[in-house]
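Dear colleague,

Please find below the structure that I am handing over to you.

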Amino acid sequence: MAIQKSSSIRNLLQSLRAASFSSMIANDHRFTSQAYSPATTKPSGYSGDFSDDEDADVNWDKLGFGLTQTDYMYVMSCCKDQRFLKGQLCRYANIELSPSAGGVYEGMKANRTQDGRILLFRADQNAGRMRHGAERMCMPSPSIDQFIDAVKETVSANKRWIPPPGKGSLYVRPMLLGTGPILGLAPAPEYTFLIYVSPVGYYFKEGTAPLNLYIEEEYVRASPGGAGGVKSITNYAPVMKAITKAKDRGFSDVLYLDAINKKYLEEVSSCNIFIVKGNVISTPATNGTILEGVTRKSIIEIAKDHGYQVEERSVAVDELVDADDAVVESTKNNLFPVK
(Lines give C-alpha, C1' and ligand atoms only; values in the text may rest on other atoms or scores of the structure.)
Protein backbone atom coordinates (compact mmCIF):
# COMPACT_ATOMS: atom_id res chain seq x y z
CA MET A 1 0.00 0.00 0.00
CA ALA A 2 1.43 3.36 -1.03
CA ILE A 3 1.37 6.30 1.38
CA GLN A 4 1.00 9.70 -0.26
CA LYS A 5 1.75 12.99 1.42
CA SER A 6 -1.03 15.55 1.39
CA SER A 7 -0.30 19.18 0.56
CA SER A 8 -0.72 20.14 4.21
CA ILE A 9 1.84 17.57 5.28
CA ARG A 10 4.27 18.78 2.59
CA ASN A 11 3.87 22.35 3.82
CA LEU A 12 4.51 21.25 7.39
CA LEU A 13 7.68 19.39 6.40
CA GLN A 14 8.94 22.42 4.49
CA SER A 15 8.32 24.59 7.55
CA LEU A 16 10.23 22.16 9.73
CA ARG A 17 13.18 22.21 7.36
CA ALA A 18 13.19 26.00 7.26
CA ALA A 19 13.37 26.38 11.04
CA SER A 20 16.15 24.92 13.11
CA PHE A 21 15.10 22.45 15.78
CA SER A 22 16.99 24.30 18.49
CA SER A 23 15.24 27.61 17.71
CA MET A 24 11.84 25.87 17.78
CA ILE A 25 12.53 24.49 21.23
CA ALA A 26 13.88 27.78 22.51
CA ASN A 27 10.69 29.55 21.47
CA ASP A 28 8.35 26.87 22.78
CA HIS A 29 6.99 27.57 26.27
CA ARG A 30 6.89 23.85 27.01
CA PHE A 31 10.68 23.67 27.01
CA THR A 32 13.28 25.43 29.09
CA SER A 33 16.86 25.86 27.99
CA GLN A 34 19.95 25.72 30.12
CA ALA A 35 23.49 26.28 28.94
CA TYR A 36 25.82 23.31 29.37
CA SER A 37 29.12 23.76 31.12
CA PRO A 38 31.70 21.01 31.49
CA ALA A 39 31.68 19.28 34.85
CA THR A 40 34.37 20.48 37.20
CA THR A 41 33.50 18.17 40.07
CA LYS A 42 32.91 14.44 40.06
CA PRO A 43 29.37 13.20 40.61
CA SER A 44 28.64 11.74 44.00
CA GLY A 45 29.74 8.14 44.17
CA TYR A 46 31.76 8.36 40.95
CA SER A 47 35.43 7.45 41.00
CA GLY A 48 36.32 7.80 37.31
CA ASP A 49 38.17 10.56 35.45
CA PHE A 50 36.49 12.98 33.06
CA SER A 51 38.11 13.77 29.73
CA ASP A 52 36.34 16.87 28.43
CA ASP A 53 39.52 18.39 27.02
CA GLU A 54 39.72 15.99 24.09
CA ASP A 55 37.47 15.74 21.05
CA ALA A 56 35.98 12.35 20.26
CA ASP A 57 37.77 10.45 17.51
CA VAL A 58 34.78 10.31 15.15
CA ASN A 59 34.36 11.14 11.48
CA TRP A 60 31.21 13.22 11.90
CA ASP A 61 30.62 13.37 8.14
CA LYS A 62 30.11 9.63 7.99
CA LEU A 63 28.05 9.25 11.15
CA GLY A 64 25.20 6.77 10.72
CA PHE A 65 22.72 5.28 13.17
CA GLY A 66 24.79 2.65 14.90
CA LEU A 67 26.38 2.00 18.25
CA THR A 68 29.57 3.95 18.97
CA GLN A 69 31.12 3.30 22.36
CA THR A 70 31.39 6.53 24.37
CA ASP A 71 33.07 7.21 27.71
CA TYR A 72 30.40 6.96 30.38
CA MET A 73 27.01 5.50 31.10
CA TYR A 74 24.57 6.03 33.93
CA VAL A 75 23.42 3.12 36.08
CA MET A 76 20.59 3.04 38.58
CA SER A 77 19.07 -0.14 39.96
CA CYS A 78 15.85 -0.92 41.76
CA CYS A 79 14.41 -4.02 43.39
CA LYS A 80 10.78 -5.06 43.07
CA ASP A 81 8.36 -3.03 45.23
CA GLN A 82 11.00 -0.33 45.79
CA ARG A 83 11.69 3.05 44.18
CA PHE A 84 14.60 4.01 42.00
CA LEU A 85 17.00 6.09 44.08
CA LYS A 86 20.16 7.89 43.12
CA GLY A 87 22.34 6.21 40.51
CA GLN A 88 25.83 7.02 39.35
CA LEU A 89 28.04 7.45 36.33
CA CYS A 90 30.49 4.72 35.44
CA ARG A 91 32.71 3.83 32.54
CA TYR A 92 30.87 2.33 29.57
CA ALA A 93 31.36 -1.42 29.98
CA ASN A 94 29.54 -4.72 30.00
CA ILE A 95 27.11 -5.24 32.85
CA GLU A 96 26.57 -8.32 34.97
CA LEU A 97 23.34 -10.09 34.11
CA SER A 98 21.64 -12.98 35.85
CA PRO A 99 21.40 -16.08 33.63
CA SER A 100 17.67 -16.09 34.41
CA ALA A 101 17.03 -12.59 33.06
CA GLY A 102 15.10 -13.21 29.82
CA GLY A 103 15.23 -14.00 26.09
CA VAL A 104 14.09 -17.00 24.03
CA TYR A 105 14.00 -19.90 26.42
CA GLU A 106 12.73 -23.40 27.13
CA GLY A 107 11.56 -25.28 30.18
CA MET A 108 11.70 -28.97 31.02
CA LYS A 109 12.20 -31.24 33.99
CA ALA A 110 14.63 -33.92 35.07
CA ASN A 111 13.17 -36.47 37.49
CA ARG A 112 14.75 -39.11 39.69
CA THR A 113 13.18 -42.59 39.66
CA GLN A 114 12.87 -45.02 42.56
CA ASP A 115 15.80 -47.05 41.22
CA GLY A 116 18.02 -43.96 41.00
CA ARG A 117 17.85 -43.27 37.28
CA ILE A 118 17.54 -39.69 35.99
CA LEU A 119 14.94 -39.12 33.27
CA LEU A 120 14.32 -36.28 30.83
CA PHE A 121 11.05 -35.90 28.93
CA ARG A 122 11.18 -35.37 25.13
CA ALA A 123 14.04 -32.88 25.17
CA ASP A 124 14.20 -33.06 21.39
CA GLN A 125 10.79 -31.36 21.25
CA ASN A 126 12.04 -28.48 23.37
CA ALA A 127 15.08 -28.20 21.13
CA GLY A 128 12.88 -27.98 18.05
CA ARG A 129 10.65 -25.37 19.66
CA MET A 130 13.65 -23.21 20.56
CA ARG A 131 14.84 -23.37 16.96
CA HIS A 132 11.38 -22.30 15.80
CA GLY A 133 11.33 -19.39 18.25
CA ALA A 134 14.86 -18.33 17.35
CA GLU A 135 13.96 -18.25 13.67
CA ARG A 136 10.97 -16.02 14.43
CA MET A 137 13.21 -13.67 16.44
CA CYS A 138 16.01 -13.70 13.81
CA MET A 139 18.42 -15.42 16.19
CA PRO A 140 20.78 -18.33 15.54
CA SER A 141 20.17 -21.38 17.67
CA PRO A 142 22.03 -24.54 18.61
CA SER A 143 21.27 -27.71 16.69
CA ILE A 144 18.95 -30.26 18.25
CA ASP A 145 21.92 -32.51 19.09
CA GLN A 146 23.85 -29.60 20.64
CA PHE A 147 20.80 -28.67 22.69
CA ILE A 148 20.21 -32.19 24.01
CA ASP A 149 23.89 -32.79 24.78
CA ALA A 150 24.09 -29.50 26.68
CA VAL A 151 20.96 -30.34 28.70
CA LYS A 152 22.30 -33.79 29.62
CA GLU A 153 25.67 -32.37 30.61
CA THR A 154 24.11 -29.65 32.77
CA VAL A 155 21.71 -32.06 34.50
CA SER A 156 24.47 -34.57 35.15
CA ALA A 157 26.70 -31.89 36.67
CA ASN A 158 23.84 -30.80 38.98
CA LYS A 159 22.41 -34.23 39.78
CA ARG A 160 22.79 -33.74 43.55
CA TRP A 161 20.08 -31.06 43.26
CA ILE A 162 17.48 -33.45 41.80
CA PRO A 163 14.83 -34.07 44.49
CA PRO A 164 14.04 -37.60 45.65
CA PRO A 165 11.15 -39.35 43.87
CA GLY A 166 7.85 -37.68 44.70
CA LYS A 167 9.50 -34.60 46.25
CA GLY A 168 9.83 -32.46 43.15
CA SER A 169 11.88 -32.09 39.98
CA LEU A 170 14.97 -30.39 38.65
CA TYR A 171 13.70 -27.60 36.43
CA VAL A 172 15.94 -27.09 33.40
CA ARG A 173 15.98 -23.66 31.75
CA PRO A 174 17.83 -23.35 28.42
CA MET A 175 18.24 -19.69 27.42
CA LEU A 176 19.14 -17.95 24.17
CA LEU A 177 20.16 -14.32 24.63
CA GLY A 178 21.19 -11.53 22.30
CA THR A 179 24.34 -10.35 24.08
CA GLY A 180 26.13 -8.31 21.41
CA PRO A 181 25.97 -4.49 21.39
CA ILE A 182 23.26 -2.96 19.18
CA LEU A 183 21.54 0.42 19.16
CA GLY A 184 19.16 0.30 16.23
CA LEU A 185 16.24 -2.02 15.58
CA ALA A 186 18.11 -5.05 14.25
CA PRO A 187 19.23 -8.51 15.35
CA ALA A 188 22.10 -8.51 17.84
CA PRO A 189 25.60 -9.18 16.46
CA GLU A 190 26.34 -11.81 19.10
CA TYR A 191 24.33 -14.43 21.00
CA THR A 192 24.80 -16.62 24.05
CA PHE A 193 23.19 -19.98 24.74
CA LEU A 194 23.18 -21.10 28.35
CA ILE A 195 21.39 -23.53 30.64
CA TYR A 196 20.75 -23.29 34.34
CA VAL A 197 18.75 -25.54 36.65
CA SER A 198 16.84 -25.32 39.90
CA PRO A 199 15.03 -27.86 42.10
CA VAL A 200 11.30 -27.10 42.16
CA GLY A 201 8.07 -28.29 43.70
CA TYR A 202 4.56 -27.47 42.50
CA TYR A 203 4.22 -24.32 40.40
CA PHE A 204 0.89 -23.33 41.92
CA LYS A 205 0.55 -22.82 45.66
CA GLU A 206 -2.58 -24.97 45.58
CA GLY A 207 -0.43 -28.02 44.88
CA THR A 208 -2.67 -30.67 43.30
CA ALA A 209 -5.88 -28.95 44.39
CA PRO A 210 -8.21 -27.52 41.69
CA LEU A 211 -7.25 -24.09 40.36
CA ASN A 212 -9.41 -21.01 40.48
CA LEU A 213 -8.94 -19.17 37.17
CA TYR A 214 -10.01 -15.64 36.29
CA ILE A 215 -11.36 -15.18 32.76
CA GLU A 216 -9.71 -12.02 31.46
CA GLU A 217 -11.89 -9.85 29.23
CA GLU A 218 -9.78 -6.69 29.08
CA TYR A 219 -6.18 -7.70 28.47
CA VAL A 220 -5.00 -10.10 25.74
CA ARG A 221 -1.74 -12.02 25.79
CA ALA A 222 -1.26 -12.40 22.03
CA SER A 223 -2.65 -11.25 18.69
CA PRO A 224 -2.66 -12.85 15.23
CA GLY A 225 0.62 -12.23 13.46
CA GLY A 226 2.48 -11.62 16.72
CA ALA A 227 4.82 -13.79 18.78
CA GLY A 228 2.29 -15.64 20.94
CA GLY A 229 3.56 -18.96 19.62
CA VAL A 230 7.16 -18.22 20.63
CA LYS A 231 8.48 -19.14 24.06
CA SER A 232 10.22 -15.86 24.83
CA ILE A 233 9.81 -12.93 27.18
CA THR A 234 7.62 -11.33 24.50
CA ASN A 235 5.12 -14.12 25.12
CA TYR A 236 4.86 -13.63 28.86
CA ALA A 237 5.40 -9.91 29.40
CA PRO A 238 1.80 -9.02 28.36
CA VAL A 239 0.33 -11.18 31.15
CA MET A 240 2.09 -9.47 34.05
CA LYS A 241 -0.55 -6.80 34.64
CA ALA A 242 -3.50 -9.17 34.40
CA ILE A 243 -2.01 -11.96 36.51
CA THR A 244 -0.98 -9.53 39.25
CA LYS A 245 -4.53 -8.18 39.48
CA ALA A 246 -6.01 -11.68 39.45
CA LYS A 247 -3.74 -12.98 42.21
CA ASP A 248 -4.47 -9.92 44.33
CA ARG A 249 -8.12 -10.97 44.11
CA GLY A 250 -7.37 -14.53 45.20
CA PHE A 251 -7.29 -16.31 41.84
CA SER A 252 -4.69 -18.90 40.89
CA ASP A 253 -4.07 -17.62 37.37
CA VAL A 254 -5.70 -16.02 34.34
CA LEU A 255 -7.47 -17.62 31.39
CA TYR A 256 -7.15 -15.43 28.29
CA LEU A 257 -9.56 -15.03 25.39
CA ASP A 258 -8.77 -14.40 21.75
CA ALA A 259 -7.81 -10.85 20.79
CA ILE A 260 -10.39 -10.39 18.02
CA ASN A 261 -13.72 -11.73 19.28
CA LYS A 262 -13.01 -11.95 23.02
CA LYS A 263 -15.07 -15.17 23.15
CA TYR A 264 -12.71 -18.06 22.37
CA LEU A 265 -10.29 -19.66 24.82
CA GLU A 266 -6.58 -19.12 24.21
CA GLU A 267 -4.49 -20.33 27.13
CA VAL A 268 -3.65 -19.65 30.74
CA SER A 269 -0.63 -17.43 31.50
CA SER A 270 1.79 -20.35 31.44
CA CYS A 271 -0.39 -23.32 30.50
CA ASN A 272 -2.43 -24.82 27.72
CA ILE A 273 -6.02 -25.77 28.55
CA PHE A 274 -8.23 -28.77 27.73
CA ILE A 275 -11.96 -29.25 28.28
CA VAL A 276 -13.52 -32.68 28.54
CA LYS A 277 -17.08 -33.62 27.54
CA GLY A 278 -17.79 -37.33 27.53
CA ASN A 279 -15.27 -39.03 25.26
CA VAL A 280 -14.28 -35.77 23.55
CA ILE A 281 -11.29 -33.67 24.61
CA SER A 282 -11.15 -30.18 23.09
CA THR A 283 -8.28 -27.72 23.17
CA PRO A 284 -7.67 -24.42 21.36
CA ALA A 285 -5.87 -24.85 18.06
CA THR A 286 -2.32 -23.53 17.81
CA ASN A 287 -2.70 -20.84 15.17
CA GLY A 288 0.25 -18.63 16.06
CA THR A 289 -1.18 -17.05 19.21
CA ILE A 290 -0.84 -20.12 21.43
CA LEU A 291 2.39 -21.76 22.50
CA GLU A 292 2.73 -25.31 21.22
CA GLY A 293 3.38 -27.02 24.52
CA VAL A 294 5.40 -30.24 24.58
CA THR A 295 3.15 -31.61 27.33
CA ARG A 296 0.11 -30.51 25.29
CA LYS A 297 1.33 -32.47 22.29
CA SER A 298 2.01 -35.51 24.44
CA ILE A 299 -1.46 -35.42 26.03
CA ILE A 300 -3.09 -35.29 22.59
CA GLU A 301 -1.08 -38.28 21.38
CA ILE A 302 -1.72 -40.35 24.52
CA ALA A 303 -5.43 -39.46 24.61
CA LYS A 304 -5.88 -40.64 21.03
CA ASP A 305 -4.07 -43.89 21.86
CA HIS A 306 -6.58 -44.42 24.70
CA GLY A 307 -9.60 -43.98 22.44
CA TYR A 308 -10.50 -40.35 23.12
CA GLN A 309 -11.63 -38.08 20.33
CA VAL A 310 -9.37 -35.02 20.41
CA GLU A 311 -10.45 -31.78 18.76
CA GLU A 312 -8.05 -28.91 18.17
CA ARG A 313 -10.39 -26.04 17.35
CA SER A 314 -11.85 -22.73 18.44
CA VAL A 315 -13.34 -23.36 21.89
CA ALA A 316 -15.93 -20.83 23.03
CA VAL A 317 -15.65 -19.71 26.65
CA ASP A 318 -19.33 -20.64 27.14
CA GLU A 319 -18.43 -24.30 26.64
CA LEU A 320 -16.79 -24.30 30.07
CA VAL A 321 -20.25 -24.24 31.65
CA ASP A 322 -21.30 -27.59 30.20
CA ALA A 323 -17.91 -29.31 30.26
CA ASP A 324 -17.43 -32.36 32.45
CA ASP A 325 -13.95 -31.19 33.36
CA ALA A 326 -11.29 -28.64 32.48
CA VAL A 327 -7.57 -29.26 32.84
CA VAL A 328 -4.51 -27.04 32.41
CA GLU A 329 -1.03 -28.35 31.74
CA SER A 330 2.56 -27.34 31.20
CA THR A 331 6.00 -28.63 32.03
CA LYS A 332 5.96 -26.48 35.17
CA ASN A 333 2.51 -27.59 36.30
CA ASN A 334 1.99 -31.17 35.17
CA LEU A 335 -1.81 -31.64 35.05
CA PHE A 336 -4.19 -29.71 37.29
CA PRO A 337 -7.99 -29.59 37.32
CA VAL A 338 -9.82 -26.28 37.13
CA LYS A 339 -12.63 -25.34 39.50
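**Findings**

Val 315 lies in the loop that runs between β13 (309-313) and α8 (319-322). Please note that the model is a predicted one. Is Val 315 buried or exposed? Its relative accessibility is 1%, and because buried means under 20%, Val 315 counts as buried.

Setting aside neighbours within four places in sequence, Val 315 has contacts with Lys 263, Tyr 264, Leu 265, Ile 275, Ser 282, Thr 283 and Pro 284. As for Lys 263, 52 residues separate it from Val 315 in sequence, while the C-alpha to C-alpha distance is 8.5 Å.

I turn next to the nonpolar cores. The largest comprises 19 residues, and among those with the most contacts inside it are Met 108, Val 151 and Val 172. Two or more residues each come from β4 (108-112), α3 (123-136), α4 (144-157), β6 (169-178) and β7 (191-200). The greatest contribution, five residues, is that of α4. When residues up to four places away in sequence are not counted, Val 151 touches Met 108, Leu 120, Val 172, Pro 174 and Ile 195. There is also a second, separate core of 15 residues, which includes Leu 257, Ile 275, Val 317 and Ala 326.

Finally, the largest pocket has a volume of about 540 Å³. Its lining consists of 19 residues, of which Asn 94, Ile 95, Thr 179, Gly 180 and Pro 181 are the closest to the centre. Both β6 and β7 give two or more residues to this lining. By type, the lining residues are eleven nonpolar, seven polar and one charged.

With kind regards

Conventions. Residues are numbered from 1 along each chain as its sequence is written. This is a predicted model: local features need pLDDT of at least 70, side-chain atom pairs count only at pLDDT 80 or more; totals for chains, interfaces and linings use all residues. Side-chain values use heavy atoms; hydrogens and water are left out. Helices (H or I, at least four residues) and strands (E, at least two) are DSSP runs, numbered from the N terminus. Buried means under 20% relative accessible area, exposed over 50%, partly exposed in between (1.4 Å probe, protein chains only). Contact means heavy atoms within 4.5 Å. A nonpolar core is a set of buried Ala, Val, Leu, Ile, Met, Phe, Trp, Tyr and Cys residues joined through side-chain atoms within 4.5 Å. On a 1 Å grid over the protein atoms alone, a cavity is a set of points where a 1.4 Å probe fits but cannot get out, and a pocket is an open set with protein on both sides within 12 Å along at least five of seven lines; lining residues have an atom within 4 Å of a point. Grid points are joined across faces, edges and corners, and a volume is the space filled by probe spheres set on the points. Ala, Val, Leu, Ile, Met, Phe, Trp, Tyr, Cys and Pro count as nonpolar, Asp, Glu, Lys and Arg as charged, and the others, Gly among them, as polar.
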